[in-house]
Amino acid sequence: MDDSEEIAPAVQSILDAARERGGSGDRVSVTPRSLPDAFESASTAGRTPVIAEIKPTSPTAEGERTDDPVDLAQQMVEGGAAALSVLTEPEHFGGSAETLERVRDAVDVPVLRKDFILHEDQLDVVEADVVLLIVRFLEADGTDDLADLLVAARERGFQVLVETHTASEVEKALEAGADIIGVNNRDLTELAVDLGTFESVAPVIPESVTLIAESGIQTEEDATRMRRAGADALLVGSAIMDHGAATDVTANTRRLTHADTDAAETTTDT
Ligand SMILES: O=C(O)c1ccccc1NCC(=O)[C@H](O)[C@H](O)COP(=O)(O)O
């Protein structure tokens, strides 16, 4: 994504805001809770590994959820979430570092910091178990190199989820040394969601990589579809937060963590 490329105005605005944000100045050092181990424990207990996302609002959300994020986090864990994702981007998603800190203090599961990190100093904001690096955003002018950021994040103790959308972005992620890769079903140029994206990109990703299907997963059928296509875990925001209707977050999470994963395993094996 260089700056001449056509992108959705909301995404351009996210990118512009991210360029302005700095770090705290104090280097973060974290002893992380293992994300792959959390997925393994959920699977062993018969649950679909789900990263449930605390996303008060977003450019594509209808409305805003103003519940205390700590209450939401506890409800998600009660619903069987293997890990949580917390938006820390303030301007477009209603997130904050303070929210993440409070949530991580309140739960035992790994917590992903969901933000748009473009420079090393932006890693030094808050302790989290995992940080997100988006290949597409790190192709923009004036950003740090993906491989350098990956090393810098690991030096601080973070695990790193590298987000991709195409096979060529997966290639870049693997070249940079990624071992946890997300395939985002949401196209950041148009914000359209298509679960077929994960299905077409997943086959190029080696078994050794922890593979996460991101965005657009609404129903049990969607969850099973992504698991059949090879997802080790699912990242789900909107269907759990349910911004418009403010329904029961525990039930919304449980519906997906109890999706029929046996069907997924049978299909994968044959
Ligand atoms: O969620 C958005 O509207 C959005 C808009 C522009 C850039 C990124 C956006 N979301 C970031 C995400 O990665 C999702 O929050 C996450 O994958 C969960 O997606 P969903 O389950 O579809 O809410």
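Predicted model: local features only at pLDDT ≥ 70, side-chain atom pairs only at ≥ 80, totals over all residues.
Which residues lie nearest the centre of the second largest pocket?

Figure 1. Lys55, Phe93, Lys114, Arg186 and Ser215 are the lining residues that lie nearest the centre of the second largest pocket. Two or more lining residues come from each of the elements α1 (9-20), β4, β8 (233-236) and α10 (238-241). Sorted by class, the lining of the second largest pocket comprises 16 nonpolar, eight polar and six charged residues.

**Figure 2. The largest cavity and its lining.** Rolling a probe the size of a water molecule over the atoms shows where empty space is left. The structure contains one cavity of 30 Å³ or more. The space in the largest cavity amounts to about 40 Å³. Its lining is formed by Ile134, Arg136, Glu163, Thr164, His165, Glu169, Asn184, Arg186 and Leu188. Two of these lining residues are nonpolar, three are polar and four are charged.

**Figure 3. A cluster of aromatic rings formed by Phe93, Phe116 and Phe137.** The structure has two aromatic pairs. In one of them, the ring centres of Phe116 and Phe137 are 5.4 Å apart and the ring planes stand at 35 degrees, so this pair is classed as tilted. The two residues are 21 residues apart and belong to distant parts of the chain: Phe116 lies in the loop between β3 (111-114) and β4 (130-134), and Phe137 in the loop between β4 and α6 (146-155). Both Phe116 and Phe137 are buried. Ring pairs join these two residues and Phe93 into a cluster.

Figure 4. Is Phe137 buried or exposed? Its relative accessibility is 2%; because buried means under 20% relative accessible area, Phe137 counts as buried. Ile117 is 20 residues away from Phe137 along the chain, and the C-alpha atoms of these two residues are separated by 8.4 Å.

**Figure 5. Helix α2 (residues 35-44) and its buried residues.** An α-helix has 3.6 residues a turn, so residues three or four places apart point the same way. The buried residues shown in α2 are Leu35, Ala38, Phe39 and Ala42. Viewed down the helix axis, the buried residues of α2 fall within an arc of 100 degrees, and they therefore line one face of the helix. The face turned away from this buried side carries Asp37, Glu40 and Thr44, which are exposed. At the start of α2, a side-chain oxygen of Ser34 comes to within 3.1 Å of the backbone nitrogen of Asp37. After α2 comes Gly46, with a positive phi near 85 degrees.

**Figure 6. Helix α5 (residues 97-106) and its two sides.** Thr99, Leu100, Val103 and Arg104 are buried in this helix. These four residues cover an arc of only 125 degrees around the axis, so they are placed on the same side of α5. Glu98 and Asp105 are exposed on the other side of α5.

**Figure 7. Thr197 in helix α8 (residues 196-201).** Thr197 counts as buried, with a relative accessibility of 11%. A polar atom of the Thr197 side chain lies 2.9 Å from the backbone oxygen of Asp194.

**Figure 8. Positive phi values at Leu191 and Ser215.** Most residues other than glycine have a negative phi, and most peptide bonds are trans. Leu191, which is not a glycine, has a positive phi of about 70 degrees. Leu191 is situated in the loop between β6 (180-184) and α8 and is partly exposed, with a relative accessible area of 21%. Ser215 also has a positive phi, near 75 degrees. The position of Ser215 is in the loop between β7 (210-214) and α9 (220-228).

How values were computed. Residues numbered from 1 in each chain as written. Heavy atoms only, no water. Phe/Tyr/Trp six-rings, centres within 6.5 Å; stacked < 30°, edge-to-face > 60°. Buried < 20%, exposed > 50% of the residue type's maximum accessible area, 1.4 Å probe, protein only. 1 Å grid on protein atoms, 1.4 Å probe; cavity = no way out; pocket = protein on both sides within 12 Å on 5 of 7 lines; lining within 4 Å. Nonpolar A, V, L, I, M, F, W, Y, C, P; charged D, E, K, R; others polar. Arc of directions from axis to C-beta. Polar contact = N/O pair within 3.5 Å; in protein donor to acceptor, adjacent residues only side chain to side chain. Points joined across faces, edges and corners; volume = space filled by probe spheres on them.
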